[in-house]
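Today I'm looking up a sheet and some charged side chains.

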Amino acid sequence: MLVATAILTGTAAAQEGADESLRGVLRHNVDGEQVPIEGAEITVADAEGDEIDSATSDEDGAFEIELPGPGSYSATLDTETLPEGVALRDEDRATLNLNVSRGQNRSINFFFGEDTRNRSTTADRAMQLLVEGVKLGLIIAITSVGLSLIYGTTGLVNFAHGELVTFGGLVCWYLNFQGGIPLVWAAPIAIAIGG
């Protein structure tokens, strides 16, 4: 219960002091190296089309635009301000429509040059789905074994068993992704807290 209170308190405190913004880093690939794009102009408009603000990318390619509050916005990259030889991968994606929540500092991405990513084949995708299915099946199996053990020893069904498994999963996720604790350590901590 202490962990849940700390999580909720930290989230509320973060939302109270946070302002909304759009940010990003513009880079393009030159001979396998990511090179920042300096001097590119990004303009943000609200849902009605009224301009909010604009920013120019710095020497690291970074930009940030403060927003007046949550809502729907559009961010437009002025392709005329791009350096010579740099072009968007898809010219239709020069304007991005975004929804920004309260307290959100949203990152936006513009993609430049050719797409050099390796696309997975159907066999790769099938193998990934098989592994994910086995992982989910193992989670369900371990949960059912626990439920079966409790019923077998006490003769009573513990309806809170699924709730405890879910709580343990959420604690493990929070410790791993938000706390930066490796999964090998986050899982036993979550088990100790939940059990």
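Below are my entries, starting with the ground rules.

**Ground rules.** I'm working with a predicted model, where local features need pLDDT of at least 70, side-chain atom pairs count only at pLDDT 80 or more, and totals for chains, interfaces and linings use all residues. Residues are numbered from 1 along each chain as its sequence is written, and side-chain values use heavy atoms, with hydrogens and water left out.

**Entry 1: the sheet.** I looked up the strand order and got β5-β4-β7-β8, an open sheet of 4 strands with antiparallel pairing. (Strands are DSSP runs of E, at least two residues, and helices are runs of H or I, at least four residues, both numbered from the N terminus; two strands pair if DSSP finds at least two bridges between them.) β5 (51-56) and β8 (95-100) are the edge strands, each with a single partner, so one side of each has no neighbour in the sheet. On average, neighbouring strands here are turned by 25° against each other, direction ignored. I also checked β4 (residues 41-46) against β7 (residues 71-77): they run antiparallel and 5 bridges join them.

**Entry 2: D46.** I found D46 in strand β4, standing opposite Y73 in β7. Is D46 buried or exposed? It is buried (under 20% relative accessible area; exposed is over 50%, partly exposed in between, with a 1.4 Å probe and protein chains only), yet D46 has no salt bridge. The nearest side chain of opposite charge, R106, is 16 Å away. (Lys and Arg count as positive, Asp and Glu as negative; His and the chain ends are not counted.) What I did find is a polar atom of the D46 side chain 2.9 Å from the backbone nitrogen of D50. D46 also touches I52, S72 and Y73, leaving out residues up to four places away in sequence; touching means heavy atoms within 4.5 Å.

**Entry 3: salt bridges.** How many salt bridges does the structure hold? I get 2, counting a side-chain nitrogen of Lys or Arg within 4 Å of a carboxyl oxygen of Asp or Glu.

- R23 and E64 meet at 3.2 Å, N to O. This pair links distant parts of the chain, 41 residues apart: R23 sits in β1 (residues 21-25) and E64 in β6 (residues 62-66). R23 is partly exposed at 32%, and E64 is partly exposed at 40%.
- K135 and E132 have their closest N and O atoms 3.6 Å apart. Both are in helix α2 (residues 122-154), and because they are 3 residues apart, about one helical turn separates them. K135 is partly exposed at 46%, as is E132 at 39%.

Note on methods:
Axes fitted to C-alpha atoms, helices over the stretch in contact; angles between N-to-C directions. Polar contact = N/O pair within 3.5 Å; in protein donor to acceptor, adjacent residues only side chain to side chain.
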